[in-house]
Amino acid sequence: MRRLAVVGAGIVGLAVARQLLRANPAASVVLVERENTVGSHQSGHNSGVIHSGLYYAPGSLKAELCVSGGRLLKSYCEERSIPVETCGKVVVAVDDSELPRLQKLFERGVSNGVPGLRLVEGSALSELEPHVVGLRAIHSPSTAVVDFSAVTRALAEEVAASGQLWLGTEVMSVLPRSDGLVRLELAGGHAGYFDCDFAIVCAGLQSDRLALRSGADAEPRIVPFRGSYYRLRPAARHLVRGLVYPVPDPRYPFLGIHLTRTVHDEVLVGPNAFLGFSRDDYARSAFAWRDVRDTLMWPGFPRFARSNWRAGVREISHAMSRRGFASAVRRYVPELTADDLEPAVAGIRAQAMLRDGSLVDDFWLDSRASILDVRNAPSPAATASLAIADHICKRAGLS
Ligand SMILES: Cc1cc2nc3c(=O)[nH]c(=O)nc-3n(C[C@H](O)[C@H](O)[C@H](O)COP(=O)(O)OP(=O)(O)OC[C@H]3O[C@@H](n4cnc5c(N)ncnc54)[C@H](O)[C@@H]3O)c2cc1C
């Protein structure tokens, strides 16, 4: 019997394990996760948006897999009775300087095949979002929200039903053996070795470290970018109907502080994007020396810091204060005040950086022998997860 292994029970690893089981019913599939629950990191700490595919460079994996993955995810949620709200989204330009970027974004979305996109202004914008002001906006009616934790739990049920889910077990290395098999060295619950025919590594914030321990290329390095959220107090929730975003800065893969109505009928404000001082501690004051050292020692980091210090200063003001968050959002929802915000959760993004200091824009998959390493799967990888799984299994010859 063929033995297949997946590392990491975030939404990507779970979707991959499920796809392996569906496509290879005679194989034995083991999913190994170091935490005691599934979806403990990025997949359980995000905005919950099923992105439509507006932002990504045409022809990129992100563009292709976000559009197809969003469709797959919506039908999966329907099948599994997971609530999805297709509340739509507006991306709002508030001054003239943003109009050319808004137009470019619109054209990108159209060429990516995002359904129903249109440009709106004046009364059409007010009809969609009565409390939002702006010169012009893109309306994406197919953008939706979901609870990605509920999706990861549903995927985990399927994986546990026909495969094996080993929680509380850390994979220390994933090494090709001379006979063509792959050896996983394990610590924790299932400590020891596990030999398999093929391994797919979806380790999120730890993907670079595990790759390095497994003899793979040191590039790219994961740099954690923390994203904090506030939520609107109940009395202010009426100010937003769906999702409201600013025009993003094209130099960064982050979307700017936005307003997201969740499936639990809260409105989140954020996330900002600031260098994380820990890869897996969500406390505001979290500081892990090893994580900070790994970022600082990466040759690309000083270059990144030199060319982005202005954005860093701006993000510090957002990171440090409720007022900073409020002023970012007041540009397009002027009725909002700092008193309307209360602190909420935070997430930590696994963003890959190259040696030259540039941030990897697209998803990045590396193959070596019978191993496939996912080296960059930031947003919209939750949206795209089912399509990423299909893509990975095809690429590995396991579809
Ligand atoms: C603040 C924020 C907002 C976001 N908003 C959105 C959004 O609205 N829409 C969207 O589509 N995407 C969004 N994203 C991105 C999305 O959450 C991620 O792209 C997606 O969750 C990545 O899934 P993953 O499985 O690759 O990683 P993760 O969910 O981080 O899972 C990786 C898993 O690997 C495990 N692991 C690591 N090392 C080992 C090891 N050695 N052995 C065993 N297990 C290991 C970890 O414990 C973890 O469970 C957001 C992300 C953040 C942080």
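You're looking at a predicted model, so local features need pLDDT of at least 70 and side-chain atom pairs count only at pLDDT 80 or more, while totals for chains, interfaces and linings use all residues. Residues are numbered from 1 along each chain as its sequence is written, and side-chain values use heavy atoms, with hydrogens and water left out.

**The whole chain**

Switch to cartoon view. You'll find 10 helices and 21 strands in the protein chain; these are DSSP runs (H or I, at least four residues, for helices; E, at least two, for strands), numbered from the N terminus. The chain is as compact as a globular protein of its length, because its radius of gyration is 21 Å, close to the 21 Å that the globule rule gives for 399 residues. That radius is taken over C-alpha atoms, and the rule is 2.2 Å times the number of residues to the power 0.38. Along the principal axes, the C-alpha atoms fill a box of roughly 65 × 45 × 35 Å.

How much of the chain counts as buried? Of the 399 residues, 56% do. Buried means under 20% relative accessible area, exposed means over 50%, and partly exposed is in between (1.4 Å probe, protein chains only).

Next, think about who touches whom, where contact means heavy atoms within 4.5 Å. Among contacts between residues at least 6 apart in sequence, 74% join residues at least 24 apart.

**Stop 1: valine 16**

Select valine 16 in helix α1 (residues 11-23). Valine 16 is buried, with a relative accessible area of 0%. Which residues does valine 16 contact, leaving aside its neighbours within four places in sequence? They are Val6, Ile200, Cys202, Ala389, Ile392 and Cys393.

**Stop 2: aromatic rings**

Show the rings of Phe, Tyr and Trp (its six-membered ring): two rings pair if their centres lie within 6.5 Å, and planes under 30 degrees apart count as stacked, over 60 as edge-to-face and the rest as tilted. The structure holds 8 aromatic pairs.

One of them joins tryptophan 166 and phenylalanine 194, edge-to-face, at 5.4 Å centre to centre with 75° between the planes. Tryptophan 166 lies in strand β9 (residues 164-166) and phenylalanine 194 in strand β12 (residues 192-196), so the pair ties together parts that are 28 residues apart in sequence. Are these two buried or exposed? Tryptophan 166 counts as buried at 13% relative accessibility, and phenylalanine 194 counts as buried at 6%.

Move on to phenylalanine 277 and phenylalanine 287, a tilted pair with 5.9 Å centre to centre and 45° between the planes. Both are in the loop between β18 (274-275) and α7 (289-297), 10 residues apart. Phenylalanine 277 is partly exposed at 36%, while phenylalanine 287 counts as exposed at 54%.

Finish here by selecting Phe225, Phe254, Phe301 and Phe304, which ring pairs link into a cluster.

**Stop 3**

Where can you find cis peptide bonds? One runs from glutamate 219 to proline 220, with omega near 5°. Proline 220 is in the loop between α6 (207-213) and β14 (221-232). Another goes from serine 379 to proline 380, with omega near 10°; look for proline 380 in the loop between β21 (371-376) and α10 (381-395).

Now pick serine 81, in the loop between α2 (61-79) and β4 (84-85). Serine 81 has a positive phi of about 55° although it is not a glycine, and it counts as exposed at 64% relative accessibility. Aspartate 265 also isn't a glycine, and its phi is positive, about 65°. You'll see aspartate 265 in the loop between β16 (258-261) and β17 (267-270), where it counts as partly exposed at 45%.

**Last stop: glycine 113**

Select glycine 113, in the loop between α3 (99-111) and β6 (118-120). Glycine 113 is partly exposed, with a relative accessible area of 42%.
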